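My notes follow in the order I looked things up.

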Amino acid sequence: MAKGSNRRHGFRTRAIHHGYNSADHLGSVSPPVFMTSTYAFANVAESEQVMAEERDGYLYGRERNPTQALLEARLAELEGAEACVVTASGMAAIGSLFLSLLSQGDELVIHPTVYSNTVSVTGDALPRFGIRVTKADMRDLDMLAAAIGPRTKLVYMETPINPTAEVLDIAAIARVVHTRGARLVIDSTFASPAVQRPIEHGADIVVHSLTKYINGHGDLLGGAVLGDARTIRAVRGQGLRYITGATLSPLSCFLVMRGLKTLGLRMRAHGEAALVVARMLQAHPAVATVRYPHLPGSPGHEAALRQMEGGSAMMSVELKGGFAAAVRFMDRLELFQRAVSLGDVDSLVMHPGSLIAARQRVYPEAKLADGVGVELIRVSIGLEDVEDLVADLRQALEGEG
Ligand SMILES: Cc1ncc(COP(=O)(O)O)c(C=O)c1O
């Protein structure tokens, strides 16, 4: 910690202070934003020492920037990881990770239900580069073990899963993956480190879309990869430096740190409101299914109680009236906004079935992940007054029961 005693501070304290000492920056309580693309050296010898990593310093903004370095240190601390690299978006994190750690002939095992663009990168892009991708339902540990072969480098999953909000058991899956000699990557975007820290449960690498809860205010895109120092060095030195070049801007780093300061508080409020909404929806006569990690009976609920401190605020809902009812319900909402992102202070709702069908007209390879029905509605509960959210959902469900 930058300041104080040896006592380990709590999550919220570290989210506000970790890695920064205002005394080193003219007393500025808020960290400075280093808006520079390059760094000058006193002489050639100094530039050589920085280049050779024999001396601390910065060279060029695509690889490192002090504002970025502070955000990375803070995220690593909160996630319980040795190191972190931030990227221009969540997809940049996922792409930089895959293209740094996987080569032609390597294999990746993936849970069949993941975020739609992760479906595309693993189902379409990686096979084009000679990387074999195998789907294995990770609720079945025997099936998972059988899918991991000698060339399997990485096993990849999300929990909670986008868009179903189902939960997978990190500790049980990590044991199987390690016994078979592979490494487990978890996209923990739906939870954030305030709610779930997969490395504590045995995962090796964590990815986040910072665009979602970690920034939390829907005003930027960002991503992060977290793990051991060697892996993160590879993702920065290859994936970020010369494969994707997808660096997060210093201003965005600053804004993510501003968001981080309230992450613990926001996730508690998000989770409390989401549980109220999930219970209301479950009891509503128009609703066929509600999946929410902390709702008893929801898929993976027991694992959620073990590995998540709170249920986060993502849920999936299916109406008895199916696809047509989903569209009617979406269109009647007044306070919830129809938008594809999630994890914002604003409540957002999206219907993957209608959006993917429309995207296929432009990108034929786009598809819904396995296990996602066309009737599924994804709901992201924001921080408005929960009574207002419940009232909006009730009026939109009227006549569907
Ligand atoms: C689980 C998950 N992972 C990754 C991403 C990609 O993040 P970004 O939109 O920041 O590229 C998303 C975006 O929705 C997501 O939901």
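**A buried serine in a loop**

I started with S312. I counted 32 C-beta neighbours inside 10 Å, so S312 is buried; the cut-off for buried is 20 or more. S312 sits in the loop between α11 and β9. Its phi is positive, near 60°, and S312 is not a glycine. I keep in mind that this is a predicted model.

In that loop between α11 (301-307) and β9 (314-319) I also looked up E309. E309 has 16 other C-beta atoms within 10 Å, so it is partly exposed. I then checked E309 against R175. They are 134 residues apart in sequence, and their C-alpha atoms are 21 Å apart in space.

**Another positive phi**

Most residues other than glycine have a negative phi, and most peptide bonds are trans. E53 has a positive phi of about 60° without being a glycine. I found E53 in the loop between α2 (44-51) and α3 (66-79). Is E53 buried or exposed? E53 is exposed, because it has 10 C-beta neighbours inside 10 Å.

**Cis peptide bonds**

I noted a cis bond from T159 to P160, with omega near -15°. P160 lies in the loop between β4 (152-158) and α7 (170-179). A cis bond also joins N162 and P163, with omega about 5°. P163 is likewise in the loop between β4 and α7.

**Two domains**

The domain assignment gives domain 1 as 11-260 and domain 2 as 263-397. Their centres, taken over C-alpha atoms, are 26 Å apart. At the boundary, 36 residues of domain 1 are in contact with 38 residues of domain 2. On the domain 1 side, α1 (11-17), α5 (116-128) and α9 (250-260) each supply at least two residues. Which of these gives the most? It is α5, with 4 residues. I sorted the residues of domain 1 that touch domain 2 into 18 nonpolar, 12 polar and 6 charged.

**Core and strands**

Nonpolar side chains tend to be buried together in soluble globular proteins. I looked for the largest nonpolar core here and found 109 residues in it. I173, A224 and V225 have the most contacts inside this core. Domain 1 and domain 2 each supply at least three residues to the core.

Beyond its neighbours within four places in sequence, V225 contacts V85, A93, S96, L97, I205, V207, I232 and V235. A224 is the bridge partner of V86 in β7. Strands β1 and β7 (residues 223-227) run antiparallel, joined by 5 bridges. In β1 (residues 83-87), 4 of the 5 residues are buried.

Next I traced an open sheet of 5 strands. The order is β8-β9-β12-β11-β10, with mixed pairing. L348 has S380 as its bridge partner in β12.

**The ligand shell**

Last, I looked around the ligand. There are 13 residues around it, and S89, G90, M91, S209 and T211 come nearest. I sorted the shell into 4 nonpolar, 7 polar and 2 charged residues.

How values were computed
Residues are numbered from 1 along each chain as its sequence is written. This is a predicted model: local features need pLDDT of at least 70, side-chain atom pairs count only at pLDDT 80 or more; totals for chains, interfaces and linings use all residues. Domain bounds come from an automatic or database domain assignment. Two residues are in contact if their C-beta atoms, placed from the backbone, lie within 7 Å. Ala, Val, Leu, Ile, Met, Phe, Trp, Tyr, Cys and Pro count as nonpolar, Asp, Glu, Lys and Arg as charged, and the others, Gly among them, as polar. A residue is buried if 20 or more other C-beta atoms lie within 10 Å of its own, exposed if 12 or fewer, and partly exposed in between; C-beta atoms are placed from the backbone. Two strands pair if DSSP finds at least two bridges between them. A nonpolar core is a set of buried Ala, Val, Leu, Ile, Met, Phe, Trp, Tyr and Cys residues joined through C-beta atoms within 7 Å. A residue is near a molecule or strand if its C-beta atom, placed from the backbone, lies within 6 Å of it.
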